[in-house]
Amino acid sequence: MAEPAVVFSGVDKHFGDHQVLRQVSLAIDEGECVAVIGPSGSGKSTLIRCINGLEPISAGSLTVLGRGVPTLDARGLTRLRGEIGMVFQSFNLYPHLTALQNITLAPRKAKGMAAAEAEALGRRLLERVHLADKAAAYPAQLSGGQQQRVAIARALAMTPRLLLFDEPTSALDPEMIREVLDVIGALAEDGITMAIVTHEMNFARSVADRVVFMDHGAIVEAGPPAQVMEAPRQARTRDFMALIRH
């Protein structure tokens, strides 16, 4: 049996005196889509950022794609990040580059891909996120939903083994949310390993293989969406789910 793509074991994370992760133990299997939900400030984004080493853990162990993240030097971290795609709340596109140029930059610079090959890849990915006609558009000429779909295509351009999404729709107007979630849902159907921090409960329920509920830096409950969201076993999960239904 293949080892999990991500394994947290007893992980703590402190920012100074403030503890943001508490004894987190979680495994994400290859090909699994895990949605991380919970109130603001519960440690969800920090959890995701620890996976690709953007935040170092304070205690415990963390293994990602077979490598112990805390033991990696700068070069090892760079190599690991080359196998992980990350999509942030704010799209982080280069404003002076077109959609196609934003997507092809990393394959050319990091992988040494020839310009023609990178362009062909970029155009395929734009088609995949339903933006084939926007290759020459600059970020300022795109809606928020379109910019986020370009950001997803950019993450896919490195053919990642693992995709991380940190509240990818929180900066979007309601009508733009669906177009981004549809793209992410299609990726889940393709079997790409994903961890998604989200406030979109219907999306988590329909797309995720497993839902993780966090509160005060700890994992309170984890399991299939129907169990965690419809019949939670923990009182804190029940309170949260009742609150967001109203």
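Arginine 178 and aspartate 182 stand four residues apart in helix α6, so about one helical turn separates them; a helix here is a DSSP run of H or I with at least four residues, numbered from the N terminus. These two residues form a salt bridge whose closest N and O atoms are 3.0 Å apart, the term meaning a side-chain nitrogen of Lys or Arg within 4 Å of a carboxyl oxygen of Asp or Glu.

The model is predicted, so local features need pLDDT of at least 70 and side-chain atom pairs count only at pLDDT 80 or more, while totals for chains, interfaces and linings use all residues. Residues are numbered from 1 along each chain as its sequence is written, and side-chain values use heavy atoms, with hydrogens and water left out.

The structure holds twelve salt bridges. One of them joins arginine 149 to glutamate 179, with the closest N and O atoms 3.0 Å apart. Because arginine 149 belongs to helix α5 (residues 144-156) and glutamate 179 to helix α6 (residues 174-189), this pair ties together parts that are 30 residues apart in sequence.

Accessibility is described as buried (under 20% relative accessible area), exposed (over 50%) or partly exposed (in between), using a 1.4 Å probe and protein chains only.

| Residue | Relative accessible area | Class |
|---|---|---|
| Arginine 149 | 7% | buried |
| Glutamate 179 | 24% | partly exposed |
| Arginine 178 | 47% | partly exposed |
| Aspartate 182 | 43% | partly exposed |

Glutamate 230 forms a salt bridge with arginine 205, their closest N and O atoms being 2.5 Å apart. Since glutamate 230 lies in helix α8 (residues 225-230) and arginine 205 in helix α7 (residues 201-207), the pair ties together parts that are 25 residues apart in sequence.

Notes:
Helix = DSSP H or I, 4+ residues; strand = E, 2+ residues; numbered from the N terminus.
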